[in-house]
Amino acid sequence: SHATPSLAFLFSGQGSQYVDMGRELYETQPTFRAVIDRCDGLLREHLGGSLLAVLYPDPESRQDEPSKIDETTYTQPALFALEYALATLWQSWGIQPDLLMGHSVGEVVAACVAGVFSLEDGLKLIAARGRLMGALAQDGEMVSLLTDEVRVQKAIASYTNEVSIAAVNGPESIVISGKREAVLAIAEQLAAEGVRTRKLTVSHAFHSPLMEPMLDEFRKVATSIIYHNPQLRLISNVTGKVAGDEITTPDYWVRHVREAVRFAEGVQTLHEQGCTIFLEIGPKPTLLGMAGQIQDKDVGLGQASPCL
């Protein structure tokens, strides 16, 4: 008899959010709705308002004010709630993951699903992360570069206080992040050498030196949380490997904010763990495309977007 193929849940990161994500599920699936409502209740003290009003605004209020969904303070808790609710819904249908991996914000949700911390603590952590990042100066930039990590390391070498690699999404897909002028200068230089570059639409330079002013305050919140060893295999963004007990420390979650997301290595680790099916848990299938460029031909890709 054949072994059952291993399934990984991939939890999307920031940038995939939009107003009304999961609205149809909220209106038709009691399990999904209950989780979103619970998150809304737990987040009120942290957000000082309603998550539901940000996720599913009524048509009248839409004309009056721009959506808060793209403000980091709200984006991160909104994505967390949506993804946690989606994961709960799939599990209620009997679809159980063997492995979990997220991308930045997505890893916080993955850790919660793996039992590293409670839903209450996970929301407390993500709300603080979003709020503290949202309060930082918006003088950063992130640019995606279609070239290898070694070349990018050389290109940013003289800017180490201002720019760093934010993500390694594939063997030839690197994101740099940091001070706007420096990031754009590096991108311009590489573009002149024939490298394809693309500016990302972000409010802040995530995973860069510009995050450092919020780390001490974030550490205080991370220290107030109760951690447990993961109950499911969880792939770490920081190492690209299966997470050990380091993921149960405040220090890990502080490093997770600042260091590069080693997504490509994580996908390789999923293959090594025998994983053949990827299911994306998020508003859009963004990680599946990236994973598809890294993986073997015989791996199945599925998407779990709210537009089911």
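**Chat about helix contacts, cysteines and loops**

Colleague: Where does Asp20 lie?
Modeller: Asp20 sits in the loop that links strand 1 (6-11) to helix 1 (23-28). Keep in mind that this is a predicted model.

Colleague: Okay, and what's phi of Asp20 near?
Modeller: Phi of Asp20 is near 75 degrees, a positive value in a residue other than glycine.

Colleague: How does Asp20 count for accessibility?
Modeller: Asp20 counts as partly exposed, because its relative accessibility is 22%, and the buried class ends under 20%.

Colleague: Let's move to Ser104. What's phi there?
Modeller: Near 60 degrees for Ser104, again a positive value in a residue other than glycine. Ser104 is placed in the loop between strand 2 (99-102) and helix 6.

Colleague: Is Ser104 buried or exposed?
Modeller: Ser104 counts as buried, since its relative accessibility is 10%.

Colleague: Which residues make the contact?
Modeller: From helix 5 you have Gln76, Leu79, Phe80, Glu83, Tyr84, Ala87 and Gln91. Helix 6 brings Val105, Gly106, Val108, Val109, Cys112 and Val113. By type, the residues of the contact of helix 5 with helix 6 divide into 9 nonpolar, 3 polar and 1 charged.

Colleague: You mentioned Cys112. How many disulfides does a search of the whole structure find?
Modeller: A search of the whole structure turns up 0 disulfides. Take Cys39: its nearest cysteine sulfur is that of Cys112, 8.3 Å away, and Cys39 is in no disulfide. A disulfide would need the two sulfur atoms within 2.5 Å.

Colleague: Is Cys39 buried or exposed?
Modeller: Cys39 counts as buried, at 0% relative accessibility. Cys275 is buried too, with a relative accessible area of 2%.

Colleague: Switching to helix 10 and helix 11. At what angle do their axes cross?
Modeller: Roughly 140 degrees, with the axes of helix 10 (residues 215-223) and helix 11 (residues 250-258) coming within 9 Å. The crossing of helix 10 past helix 11 is right-handed.

Colleague: And what makes the contact there?
Modeller: On the helix 10 side, Leu215, Phe218, Arg219, Ala222 and Thr223. On the helix 11 side, Pro250, Asp251, Trp253, Val254, Val257 and Arg258. The residues of the contact of helix 10 with helix 11 split into 7 nonpolar, 1 polar and 3 charged.

Colleague: Which residues are buried in helix 11?
Modeller: Tyr252, Trp253, Val254, His256, Val257 and Arg258 are buried in helix 11.

Colleague: What do the buried residues of helix 11 pack against?
Modeller: They pack against helix 6, helix 7 (119-134), strand 4 (163-170) and helix 10.

Colleague: Last topic, Lys284. Where is it found?
Modeller: Lys284 is in the loop between strand 8 (275-281) and helix 13 (287-294). With a relative accessible area of 35%, Lys284 is partly exposed.

Colleague: What does Lys284 touch?
Modeller: Leaving out residues up to four places away in sequence, Lys284 touches Ser12, Gly15, Ser16 and Tyr18.

Colleague: How far apart are Lys284 and Ala166?
Modeller: In space, Lys284 and Ala166 are 21 Å apart, C-alpha to C-alpha. In sequence, Lys284 and Ala166 are 118 residues apart.

Methods
Residues are numbered from 1 along each chain as its sequence is written. This is a predicted model: local features need pLDDT of at least 70, side-chain atom pairs count only at pLDDT 80 or more; totals for chains, interfaces and linings use all residues. Side-chain values use heavy atoms; hydrogens and water are left out. Buried means under 20% relative accessible area, exposed over 50%, partly exposed in between (1.4 Å probe, protein chains only). Axes are lines fitted to C-alpha atoms, for helices over the stretch in contact, and angles run from 0 to 180 degrees between N-to-C directions. Helices (H or I, at least four residues) and strands (E, at least two) are DSSP runs, numbered from the N terminus. A crossing is left-handed if the near helix is turned anticlockwise from the far one by less than a right angle, and right-handed if clockwise. Contact means heavy atoms within 4.5 Å. Ala, Val, Leu, Ile, Met, Phe, Trp, Tyr, Cys and Pro count as nonpolar, Asp, Glu, Lys and Arg as charged, and the others, Gly among them, as polar.
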